[in-house]
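Subject: Handover of a structure

Dear colleague,

Please find below the structure that I am passing on to you. I would be grateful if you could read the notes after it alongside the coordinates.

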Amino acid sequence: MVKCSDMKYSKMFVKTLKTPPAAADTANHRLLVQAGFVRQVMAGVYTYLPLGLKVLQKISNIVREEMDSIGGQEVLMPILHPSSIWKQTGGWDKIDVLFKVKSRTDRDYALAQSNEETVTPLAKEWIHSAKDMPLAIYHINSKFRDELRSKSGIMRGREFLMKDMYSFHANQDDFDTFYTAAKAAYLRVFKRLGLVAKATEASGGAFTEKVSYEFEVLTDAGEAPVLYCDSCDYCVNVDDIKTYKLGDECPICKKDKLKSAMASEVGNVFDLGQKYSKAFDLTFIDTDGTKKYPIMGCYGIGISRTMGVIVEKFNDGRGIMWPASIAPFTVHLASINTNDESVIKRADEVYELLTKVGIEVLYDERTEVGAGQKLGEADMIGCPVRAVISTKTGQQIEVKMRNEKEAKLVSTEELIEIASKILR
Ligand SMILES: [Zn+2]
């Protein structure tokens, strides 16, 4: 976790930009660059600046807590892989987006596109009998895709941060139980991130022939058309299931008509069957004494991608509007009329108090910057609570929520209460 739970604006090496970047084709790219969260290194590859890294780490921690809650154990697997493990599963020739690297000694390597190829040989060391399962191993690390074109800001990267978990099971029942728990954990993750995600049935793509689930967030910036129902959880990817069309009655609840929208995939869960355990000859001795291959599952969440989707969902003409659970800071404190000594004294005092009770606060204490610019930058960065201290506010504080229009005057105690409440 980043240590800087409090920060003075003048000390941040990154400042917001007056104008958005010229080549930005999506809201998340434009807003994240302009507000100082990321910088593009090349198409699909980004540097996360202090504010952006804080958001990424908060999303990661929510995902981590929910994976731990269903028994997932965290490791850190490499992103540089020998080509041999990818040749063993056939991925080397089959997966067109696999990044391939040649060393100076002419050896072939792959950059992680997924980690079945490293986790299955790893699990082989500990799985010998049915008692050794279920086992769920996950990590949060970079992934690579050799995309021909990469746009949509951080939503579609050539390099991106992902949580991927792999589970191992002695039989189908055990797999089904864990698969159901993982789906529920995913819905909890997205809820905590302020998103409404729908689980759609989809084909497994390159991984498996079996049914899988994609977790979709409805957003205009999405890349896949879906049909969904407002009255229940029904949602399908139009490209996968062509049985229904817009305006048809929902086949599940029959209460509503299907609507169409664009959606972004933020996660997926796959039933891998025995494909990888067979490829790496991972076997166990079952209770009946026979040798069997474990059933595996794979569970991904695009951490950086989800951050992009959140920006697409929560912004207005002035900037980002972060959900409190992942905002870089809870309170954006700004001093105005800084030629007034009492304003500086009072703002410093409020900053100290908020910091002392553990509220994350970004304090714009600059004396050379006017009110209009300070408030504009606060809107752009998008922390959920804006607190202003000026000559006019006296011993009180003017508080405005980022997603509301009206400001109100409150005491320091009330500000602490407001900031604490939105985090619950
Ligand atoms: Zn329905």
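Predicted model: local features only at pLDDT ≥ 70, side-chain atom pairs only at ≥ 80, totals over all residues.

Metal site. The zinc ion has four protein donors, the SG atoms of Cys229, Cys232, Cys250 and Cys253, which lie 2.3 Å from it. Angles among these four donor atoms run from 105 to 114°, and the site is tetrahedral. For reference, the ideal angle for four tetrahedral donors is 109.5 degrees. Along the chain, the donors of the zinc ion are spaced as C-x2-C-x17-C-x2-C. Cys229 belongs to the loop between strand S12 (224-228) and strand S13 (235-237), while Cys250 belongs to the loop between S13 and strand S14 (259-273), so the pair ties together parts that are 21 residues apart in sequence. Cys229 and Cys250 are both buried.

Nonpolar cores. The largest nonpolar core has 59 residues, and the members that touch the most others are Leu32, Phe37, Ile59, Phe190, Leu193, Tyr299 and Trp322. Helix H6 (residues 172-192) supplies the largest share of this core, namely eight residues. Another core, of 20 residues, lies apart from it and includes Tyr351, Tyr363, Val385 and Ile389. As background, nonpolar side chains in soluble globular proteins tend to be buried together.

Neighbours within four places in sequence aside, the contacts of Trp322 include Leu32, Phe37, Val55, Met307, Ile310 and Val311.

Strands. An open sheet is formed by three strands in the order S5-S7-S6, with antiparallel pairing. Strand S5 (80-82) and strand S6 (99-102) are its edge strands, each pairing on one side only. On average, neighbouring strands of this sheet are turned by 40° against each other, direction ignored. Three bridges join S5 and strand S7 (residues 108-111) in the antiparallel sense. Leu80 has Leu111, in S7, as its bridge partner.

Histidine. His29 is part of helix H1 (residues 27-34). Is His29 buried or exposed? Its relative accessibility is 6%, which is under the 20% limit, and His29 therefore counts as buried. Leaving aside neighbours within four places in sequence, His29 is in contact with Pro21, Ala24, Gln40, Tyr46 and Gly153.

Yours sincerely

Conventions. Residues numbered from 1 in each chain as written. Heavy atoms only, no water. Donors = N, O, S within 2.8 Å, 3.2 Å for Na, K, Ca; no water. Tetrahedral: all angles 85-135°; square planar, octahedral: opposite > 155°, others 65-115°. Helix = DSSP H or I, 4+ residues; strand = E, 2+ residues; numbered from the N terminus. Buried < 20%, exposed > 50% of the residue type's maximum accessible area, 1.4 Å probe, protein only. Core = buried A, V, L, I, M, F, W, Y, C linked by side-chain atoms within 4.5 Å. Contact = heavy atoms within 4.5 Å. Pairing = 2+ DSSP bridges. Axes fitted to C-alpha atoms, helices over the stretch in contact; angles between N-to-C directions.
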